[in-house]
Amino acid sequence: MSHPHDALRIDADRLMRRIGELAAIGPIEGGGSSRLALTDEDRAGRDLVVTWMRDLGLDVRIDGIGNVVATRPGRIDGPAVMTGSHIDTVRSGGRYDGNLGVLAGLEVIETLIGAGVETEHPIAVAFFTDEEGARFPPDMLGSLVYVGGLGLEDALDIEGIDGSVVGDELDRIGYRGTHPCPGPAPHAFVELHIEQGPVLEAGGHTIGAVTGVQGISWTELTITGQANHAGTTPMDLRHDAAYAAAAIACHVRDIASGMGGRQVATVGRLDLQPDLVNVVAGTAVMTVDLRNTDEALLLAAEVDLSNFVEGVADSEGVRVEARSLARFEPVVFAEAVVDTVAGTAERLGHSVSRMPSGAGHDAQMMARICPTGMVFVPSRDGISHNPAEHTDAADLAAGADVLLQTMLALDRRASEEGEGT
Ligand code: GLV
Ligand code: MN
Ligand code: MN
């Protein structure tokens, strides 16, 4: 069945211009951006996007954890068809991760306003606080609080890798809002994001209809041995935190290669103290990131890690404390939304692949409270969390058009089903 707004398309030049302007805040060599959550750079990025939201006449609301939701009213004053993502980045961030989803959402709304299209439901675009979790673990912090998965007070108390605290930093940058957490459940949520992996490009697909997100397990290990003289301490008398950390890092790789399939495993941080050439390391702090689409396999990887850590602690005579930084089970998106994304992309003439997401996303939190899906566009060479992150402008525009038409379809389906009338 065709609909009156089937031919509506976003303005690709306007979208690219905004992506460029936002990327210019916290610029880093290679064309990327560094806007760790709740830093001055994050504040400047937030201020710019909020200005754009207000310029469109949207109702802009900031909640207690600093999530920002901008809404255009619909014919029905009920739950919104919502999109969004994040504008915080890792320190080595590209210009598209998260930013694309927020700015494409803004572009969808500006397109609807420009064409005078009235929707049944309100249409909302959000950016969530600290999706990356790189400064304040866990990742997806803002959306987790939005859906009630973590209490606001607990979230405000989280300490970052630099010793700062979420609540203090929100106050400092002026983004501790007054709207309540958890937030209102949308009618549906769909997020556009770059794939950040190689699958779409390798398959020659323009659009990914994302079926779900793999489970994530982040652990911080603090290893305490004994700092000692590198020249005088016999090998069999050492309690070497660097050795224990290195053995664990190698085993982390072995876990993934031994399990195969979708298991991935990463040691992304390693801090040795006293960090000197002629001193056996007394302490090591390291992180382990394990992910799998299958919860049972992810659990098995966690058990393997913990057994190995115990063994190394014993044999090297070091103490290891483990602290969970994040633990989220795999998420399966609503079939109806995945079908809508795939069907819309096909109607727009794109080659589509149904695929799970390897990265974490705010959509995986929103899936707890409403029918949710995601749209992926290709990442050149599968590179992300790196300034070299790139997606062709034509693919960015294709993704934004699929987002626009998917949101219109979700809005229409609800009204065709008679909901809210
Ligand atoms: C967060 O976006 C992650 O996937 O690490
Ligand atoms: Mn992201
Ligand atoms: Mn990211």
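Author: This is a predicted model. We start with Asn 99, which lies in helix H3.

Reader: Why is Asn 99 called buried?

Author: Buried means under 20% relative accessible area. Asn 99 has 1% relative accessibility, so Asn 99 counts as buried.

Reader: Which residues does Asn 99 touch, leaving out those up to four places away in sequence?

Author: Contact means heavy atoms within 4.5 Å. On that basis Asn 99 touches Leu 22, Arg 35, His 86, Ile 87, Thr 89 and Gly 94. As for Phe 127, 28 residues along the chain from Asn 99, the two C-alpha atoms are separated by 8.8 Å.

Reader: What parts does the pair Asp 97 and His 193 tie together?

Author: Asp 97 sits in the loop between strand S5 (81-85) and helix H3 (99-115), and His 193 in strand S7 (residues 188-194), so the pair ties together parts 96 residues apart in sequence.

Reader: Are Asp 97 and His 193 buried or exposed?

Author: The cut-off for buried is under 20%. Asp 97 is at 5%, so Asp 97 counts as buried. His 193 is at 1%, so His 193 counts as buried.

Reader: Which residue coordinates both manganese ions, ligand 2 and ligand 3?

Author: Asp 97 does, and the two ions are 3.6 Å apart.

Notes:
Residues numbered from 1 in each chain as written. Chains lettered and ligands numbered in written order. Predicted model: local features only at pLDDT ≥ 70, side-chain atom pairs only at ≥ 80, totals over all residues. Heavy atoms only, no water. Donors = N, O, S within 2.8 Å, 3.2 Å for Na, K, Ca; no water. Helix = DSSP H or I, 4+ residues; strand = E, 2+ residues; numbered from the N terminus. Buried < 20%, exposed > 50% of the residue type's maximum accessible area, 1.4 Å probe, protein only.
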